[in-house]
Amino acid sequence: MADLRGGDLSRLRQLNSLTAIRALRGAGPLTLSALAERTGLSRPSMKEVADELMELGWVEEVPPSPGTMGRPARRYRFRADSGCLVGVDIGGHNVRAALSDLDGEILAETRQPVLPDAPLEERLAAIDRAVSGCLALSGRSAADLWTVAVGTTGVLTPEGRIAFSAAIPAWTGLDLAAKLREMFPCQVLIENDSRLAALAEARRGAAQGARDVVFLHVGRRMGTGLIIDGKVHRGFGAAAGEIVMLPEARWYDAPEHLNGCEVVPDGTAPEDAAGYTLAAARDGHPVALAAVNRYVDDLAVGTAAMVLVLDPQMVVLGGGFSRSADVLLAPLRERLERACMRMPEVRASTLGDECVVMGAIDYAADHLDSELFTSDAPLTPLR
C-alpha cells in the first residue's frame, strides 16, 4: 500500500477499503486470508477493513456451503446485486436493452422493434418498454436502477444532443440526454453506439488484450469506433471516427450495393435485403459475389485510411453484417494488404448484435468505478 507516514489515517483506510473492493469484484467470494494475500494487508488489518465494508453495506459474508464440515473460514463478497445497471442500444429498426448487476453480469435482455421513420414519442416509448421488460424479467424495479447507459446511432455532442442522424431522421437536433433523464430516476449516460461496440469488443470480445483497435460497425448504416492506447477515443468534440461523413470515403452509400442487388426478390423487407445478398454470395451466386466485391471495395477505402493514420494492432468487423464475416473478411483483408504499409490483424466480432448493449453495460460499470471506487471518492453507506 502507499506510504502515508505523517498522513491522514482515514485516507489509508480508504485506500485499503478500495483495494479490498477491487479484489472482491475481480474474484468473487474470498476468505479473509485470501483477501489479505491479494491486497498485501495483514490479516488483522484485513479483518478491520472487511468489518467496516460490511457496516457500510458494500460487502457481505457468504454463508458456508451446505455440508461443509468443521468450522469453515469466513468468506466475503462484493454486493453486486444491491443495484443494477442498464445498457440500451437505440438503432434504426430495434431498441435493445440489457440489465446487469453492479459488476456488469448480464441478468436480462429485451428487444423492441421500431421503424426508422417512427415518431419521436414512439421511439422513446420503445426505449421505456425495453428497459421495463428487463426490470420485469429480473424481478427488479426502477428504484433499483443506478445507471442507464445508452448507445445511439448518430453524431453526438459532448452534452448528449444528436447533431446528425441519417438512420433516425427525427433524432437530428434532439437533446437525447435531457429526454432520457426525464424518463429514468437515475444517472443517464449517452454515447455513440459504435464507440460502445468497440469498448465491448475490447473487454469481452474479439479485441481483448489489444491496445489499438479500429472497430468497423457495419450494417444498414456504417460507423466506426476507435480504441487508442487501450481507451475509447472520442475526440475533442466527441466526433472521432465519423469517416462516413466524408463522401470520398465511399461509406455512406456502400450498403446499397447489397440492398439493391438483383438477386434480392421483390417484396423483401428492406432490413433483410443485404442479408439475402450475402447469403447468395456464400452460395457462390455470381451476381451476389459481384455486389459483395463492390461493397468491400468501398468499405476498404475508409478502413485503409484509418489504418494508415492510426496503425492499429487490430481491425474488428462488427455490427449486423458481421454475421457474414465468412463472406466479407477475406476480400477485405486482400484489399487492405494492397493499401496498407503494415497490415493489422483483421478479425470478426464475437459479440454480433449484442455489442452495443454489452458496451453500454461496461460503460456504466466504468462510470460507477470512477465515481465510487477511486481514492478521491470517499466510500459512503450503500443505499
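Biologist: What share of the 383 residues in the chain is buried?

Modeller: Buried residues make up 50% of the chain's 383 residues. Keep in mind that this is a predicted model. Here "buried" means a relative accessible area under 20%.

Biologist: How many helices and strands does the chain have?

Modeller: The secondary structure comes to 11 helices and 15 strands. Along the principal axes, the C-alpha atoms of the chain fill a box of roughly 75 × 50 × 45 Å. The accessible surface is about 17,600 Å², and carbon and sulfur atoms hold 51% of this surface.

Biologist: How do I read a sheet, and what is the order of the open sheet of five strands?

Modeller: In general, strands of a sheet pair through backbone hydrogen bonds, either parallel or antiparallel. In this structure, the open sheet of five strands runs in the order E6-E5-E4-E7-E10, and its pairing is mixed. Strand E6 (106–113) and strand E10 (187–192) stand at the edges with a single partner strand each, so one side of each has no neighbour in the sheet. From one strand to the next, the twist averages 15°.

Biologist: Which way do E5 and E6 run, and how many bridges join them?

Modeller: Strand E5 (residues 94–100) and E6 run antiparallel, joined by seven bridges. To find the pairing in the model, look for Val95, which stands opposite Gln112 in E6.

Biologist: Which strands does helix H5 lie across?

Modeller: Helix H5 (residues 176–183) lies across strand E4 (84–90), strand E7 (145–152) and E10, and runs at about 145° to E10. Helix H6 (residues 193–204) lies across E6, E7 and E10, at about 95° to E10.

Biologist: How do I check the span of a helix such as H4?

Modeller: Compare the expected span with the distance between the end C-alpha atoms. Helix H4 (residues 120–138) has 19 residues, so at 1.5 Å a residue it should span 27 Å; its end C-alpha atoms are 28 Å apart, which agrees. Just after H4, Gly139 takes a positive phi of about 70°.

Biologist: What do the buried residues of H4 pack against?

Modeller: They pack against E4, E5, E6, E7 and H5. Among the buried residues of H4 are Leu124, Ile127, Val131 and Leu135.

Biologist: Is Thr147 buried or exposed?

Modeller: Thr147, in strand E7, is buried, with a relative accessible area of 3%. Leaving aside neighbours within four places in sequence, its contacts include Cys84, Val86, Cys186, Leu189 and Ala364.

Biologist: What is the order of the open sheet formed by three strands?

Modeller: That sheet has the order E1-E3-E2, with antiparallel pairing. Its edge strands are strand E1 (30–31) and strand E2 (59–62), each pairing on one side only. Helix H3 (residues 43–56) packs on this sheet and touches E2 and E3, with its direction at about 110° to that of E2. Two bridges join E1 to strand E3 (residues 75–78), and Thr31 stands opposite Arg75 in E3.

Technical notes:
Residues numbered from 1 in each chain as written. Predicted model: local features only at pLDDT ≥ 70, side-chain atom pairs only at ≥ 80, totals over all residues. Heavy atoms only, no water. Pairing = 2+ DSSP bridges. Helix = DSSP H or I, 4+ residues; strand = E, 2+ residues; numbered from the N terminus. Axes fitted to C-alpha atoms, helices over the stretch in contact; angles between N-to-C directions. Contact = heavy atoms within 4.5 Å. Buried < 20%, exposed > 50% of the residue type's maximum accessible area, 1.4 Å probe, protein only. Areas by Shrake-Rupley, 256 points an atom, 1.4 Å probe, with all protein chains shown as cover. Expected span 1.5 Å × (residues − 1).
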